[in-house]
Number of protein chains: 2
Amino acid sequence: MAEVTTSLSIGQVAERTGLSVHALRYYEHEGLLVNPVRRGPGGRRVYSQDDVDWLTVCIILRASGMPLPALRRYANLVRQGAGNEEERLTLMREHQAHVTTQIGKLAECLDLIRFKVGVYEDLLDPDSAGDHQCHAPIPSAPAQPTEIRIGYARVSGS
Amino acid sequence: MAEVTTSLSIGQVAERTGLSVHALRYYEHEGLLVNPVRRGPGGRRVYSQDDVDWLTVCIILRASGMPLPALRRYANLVRQGAGNEEERLTLMREHQAHVTTQIGKLAECLDLIRFKVGVYEDLLDPDSAGDHQCHAPIPSAPAQPTEIRIGYARVSGS
DNA sequence: GCTTGACCTAGAGCCGACTCTAGATCCTAG
DNA sequence: CTAGGATCTAGAGTCGGCTCTAGGTCAAGC
């Protein structure tokens, strides 16, 4: 039963999160951490396991396309402590919706990509040609104004 | 049987693709189009249906995360005409793989997000609390160096 | 004849998310 | 004592992908 509190240097945290030390400092500076990292002698950052856990959450949210401002809002809510669970829920649900539709869009795109792959495969090996179908067809551009956005929200209309 | 060749102004193409006129000129300038757009009187761009179709493909590839350089390579291959189908196939397969793993990653992230949503839901309505499981758990940071990249390739090691 | 609006080119500016640099501090090993 | 390596801060630079501006041309309508 040793090791009551893990204490990691920024370098160690960088190693095990995959974030660069620069990014770690940047994240802290941007207020993405629930609490500003503890400092050891000489003003050096000392990370706890909690910090690493939180960073892991951050990384996953980032990887799913959550922009830093949203991450900051979330961190703020968590920092304020219990009582704002509704807001957190809203934020997470919004992100969930975002990720879900993003997956849907990617799946649609994949449909075209598979179609193209099939076409080229057939061209290169015409014997075993199957007939391919692309359900999100190229012909005739989308009637809906296309609204294909990789990011979060439409920022400004053109 | 009128209308043998569609001729659209850049504004019309912008409308029906959702790209801005700026983006359209930019794409052309960047060599993303199979052939440089025809010009009408006064040097104005005149788009054909083929151009629009190609742009639609571009939009889908972009929406699935293909970077402009890859799109340019693809356009170059198509421009060169028949004979390089292998290369096109390779390019498309690579992109397919990329999109597939991206969908996988997003699904993993979604797992955590759903978990969080569940936790907050329970907190706000403890009666109907279920037990939640997050299969890509927060506890204990990933042993693998995390390599969560939203974009295409690792550009430069830190 | 003049205004309006869509278009043209070349190039500057912007945004998000880092990444890198400079110059200083500190700890450890030789 | 000193050299090396990890850390610190503040701020500049980078990159991708557009977006915007300036300054100019052209056709149509009043």
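Me: Why are H4(A) and H5(A) called roughly antiparallel to each other?

Reply: In this predicted model, the axes of H4(A) and helix H5 (residues 85-124) of chain A cross at roughly 155°. Angles over 145 degrees count as roughly antiparallel, and therefore H4(A) and H5(A) get that name. Their axes come within 10 Å, and H4(A) passes H5(A) in a left-handed crossing.

Me: Which residues make the contact between H4(A) and H5(A)?

Reply: From H4(A) come A:Ala70, A:Arg73, A:Tyr74, A:Leu77 and A:Val78. H5(A) brings A:Glu87, A:Arg88, A:Leu91 and A:Met92. Sorted by class, the residues of this contact are 6 nonpolar and 3 charged, with no polar ones.

Me: What makes H1(B) and H2(B) roughly perpendicular to each other?

Reply: Look at the angle again: the axes of H1(B) and H2(B) cross at roughly 105°. Angles from 65 to 115 degrees count as roughly perpendicular, so H1(B) and H2(B) belong in that group. The axes of this pair come within 9 Å.

Me: Where do H1(B) and H2(B) touch, residue by residue?

Reply: On H1(B), you can look for B:Ile10, B:Gly11, B:Val13 and B:Ala14. Their partners on H2(B) are B:Val21, B:Leu24 and B:Arg25. By class, this contact has 5 nonpolar residues, 1 polar and 1 charged.

Me: Now to the DNA. Which residues come nearest to DNA strand C?

Reply: There are 18 residues around DNA strand C, and A:Tyr27, B:Ser9, B:Arg25, B:Arg44 and B:Arg45 come nearest. Of the atoms of DNA strand C that come within 4 Å of the protein, sugar and phosphate account for 71%.

Me: What makes the pairing of A:Tyr27 with DNA strand C a polar contact?

Reply: A polar contact is a pair of N or O atoms within 3.5 Å. A polar side-chain atom of A:Tyr27 lies 2.8 Å from a phosphate oxygen of DNA strand C, so this pair meets the cut-off. For B:Arg25, the distance from a polar side-chain atom to a phosphate oxygen of DNA strand C is 2.7 Å. B:Arg45 uses a polar backbone atom, and a phosphate oxygen of DNA strand C is 2.7 Å from that atom.

Me: Which helices supply the surface near DNA strand C?

Reply: At least two residues each come from helix H2 (21-29) and helix H4 (68-80) of chain A and from helix H1 (10-17) of chain B. H2(A) gives the largest share, 3 residues. By class, this surface has 6 nonpolar, 6 polar and 6 charged residues.

Me: How do you know that A:Arg44 makes a polar contact with DNA strand D?

Reply: A polar side-chain atom of A:Arg44 lies 3.0 Å from a base nitrogen of DNA strand D. The limit for such a pair is 3.5 Å, so the pair counts as a polar contact. A phosphate oxygen of DNA strand D is 3.2 Å from a side-chain N or O atom of A:Arg39.

Methods:
Residues are numbered from 1 along each chain as its sequence is written. Chains are lettered from A and ligands numbered from 1 in the order in which they are written. This is a predicted model: local features need pLDDT of at least 70, side-chain atom pairs count only at pLDDT 80 or more; totals for chains, interfaces and linings use all residues. Side-chain values use heavy atoms; hydrogens and water are left out. A residue is near a molecule or strand if one of its heavy atoms lies within 4 Å of it. A polar contact is a pair of N or O atoms within 3.5 Å; within protein, one must be able to donate a hydrogen and the other to accept it, and residues adjacent in sequence count only if both atoms are side-chain atoms. Helices (H or I, at least four residues) and strands (E, at least two) are DSSP runs, numbered from the N terminus. Ala, Val, Leu, Ile, Met, Phe, Trp, Tyr, Cys and Pro count as nonpolar, Asp, Glu, Lys and Arg as charged, and the others, Gly among them, as polar. Axes are lines fitted to C-alpha atoms, for helices over the stretch in contact, and angles run from 0 to 180 degrees between N-to-C directions. Angles under 35 degrees count as roughly parallel, over 145 as roughly antiparallel, 65 to 115 as roughly perpendicular and the rest as oblique. A crossing is left-handed if the near helix is turned anticlockwise from the far one by less than a right angle, and right-handed if clockwise. Contact means heavy atoms within 4.5 Å.
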